[in-house]
Amino acid sequence: MSHIALRNGMKVADFKVFMAVFLFSCVFIFIPEAGEAFRNASIHHGFILSFFKFAILATFGECLALRMRTGSYNQPGFGILPRMFVWGILGVIIKTAFTVFYTGTPSVLVYLGFADKTADLFSGSMELKVLTVFCISAAMNMTFAPVMMTMHKITDMHITSNGGKLSAFLSHRIDFAQALRDIDWKVMWNVVFKKTIPFFWIPAHTITFLLPAEFQMLIAALLGMALGLILAAAGNLKQETPCLATT
């Protein structure tokens, strides 16, 4: 009976999550003013919106990963609030990285002779525009992304070690030296860096950079949901592959 009750409880939880996502989507589908307000806020308050986009969507991705791994969207010690706080801060940092690489990489391409000025890279042929955004994505993901993913892993371990409590997370100092030693770099390199960056993140962000600027961070936040799933899958390698430990 307890197993049946648990399954029924999860079906109810899944239904609630589905309805919440459905109703949230309907707001933007059937109320044009909501979409326009979101667009204007993204243009004029990009950093603030990035904080909330990542805090909500990327954390939701981690909850989905937890659901896949344990059958529950939340559990003691998981720490939804500190995860939302971390993802919000990372969202601001990612917004900054998008701006830096979207501006800086075309300047390098102009220096290398691909165009006379950066505007030509985006107003020329589609092939040149795709090449440009691919270079932006590759430059960002091969330099910034590994650092960001490592920082996320460190904060994730800090959240877990403090029982998922926001107060403990904020008040206890992170021992970065010990955290770096505790990371399983075999999994971090072979799965998170070596495979997901070239085969998922670079193509995904290439498409993202082709979109209007006001929608790029929304798509990036949605991709943050995928990051949560990827990191959860990497974490399961401890159970699946004896020679590799969890990330």
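Student: What makes the chain one of helices, and how many strands does it have?

Tutor: The secondary structure comprises 12 helices and 0 strands.

Student: Why is Arg83 called buried?

Tutor: The relative accessible area of Arg83 is 6%. Buried means under 20%, so Arg83 is classed as buried.

Student: How do you know that Arg83 forms a salt bridge with Glu62?

Tutor: The closest N and O atoms of Arg83 and Glu62 are 2.9 Å apart. The criterion is a Lys or Arg side-chain nitrogen within 4 Å of a carboxyl oxygen of Asp or Glu, so the pair qualifies.

Student: What makes the pair of Arg83 and Asp156 a salt bridge, and which helices does the pair link?

Tutor: The closest N and O atoms are 2.4 Å apart, and the limit is 4 Å, so the pair is a salt bridge. Arg83 belongs to helix 4 and Asp156 to helix 6 (residues 126-161), 73 residues apart. With 15% relative accessibility against a threshold of 20%, Asp156 is therefore buried.

Student: Why are Asp156 and Lys153 described as separated by about one helical turn?

Tutor: Both residues are in helix 6, and they are 3 residues apart, which means a separation of about one helical turn. Lys153 is buried, with a relative accessible area of 12%.

Student: Which residues are linked in a network of salt bridges?

Tutor: The network links Glu62, Arg83, Lys153 and Asp156. The count for the model is 6 salt bridges.

Student: Why is Phe30 called exposed?

Tutor: Its relative accessible area is 62%. Exposed means over 50%, so Phe30 is classed as exposed. Phe30 is found in helix 1 (residues 2-30). A nonpolar surface patch of about 610 Å² is made by Phe30 together with Phe24, Val27, Phe28, Ile29 and Ile31.

Student: Why should the coordinates of residues 238-247 not be read in detail?

Tutor: For residues 238-247, pLDDT stays under 50. Where pLDDT is low, the predicted coordinates should not be read in detail. Among the elements, helix 12 (residues 237-240) has the lowest mean pLDDT, 46, whereas helix 4 (residues 80-111) has the highest, 95. For the chain, the mean pLDDT is 85.

Note on methods:
Residues numbered from 1 in each chain as written. Predicted model: local features only at pLDDT ≥ 70, side-chain atom pairs only at ≥ 80, totals over all residues. Heavy atoms only, no water. Helix = DSSP H or I, 4+ residues; strand = E, 2+ residues; numbered from the N terminus. pLDDT = per-residue confidence, 0-100. Contact = heavy atoms within 4.5 Å. Patch = residues over 30% accessible without salt bridge, like charges linked within 9 Å, V, L, I, M, F, W, Y side chains within 5 Å. Areas by Shrake-Rupley, 256 points an atom, 1.4 Å probe, with all protein chains shown as cover. Buried < 20%, exposed > 50% of the residue type's maximum accessible area, 1.4 Å probe, protein only.
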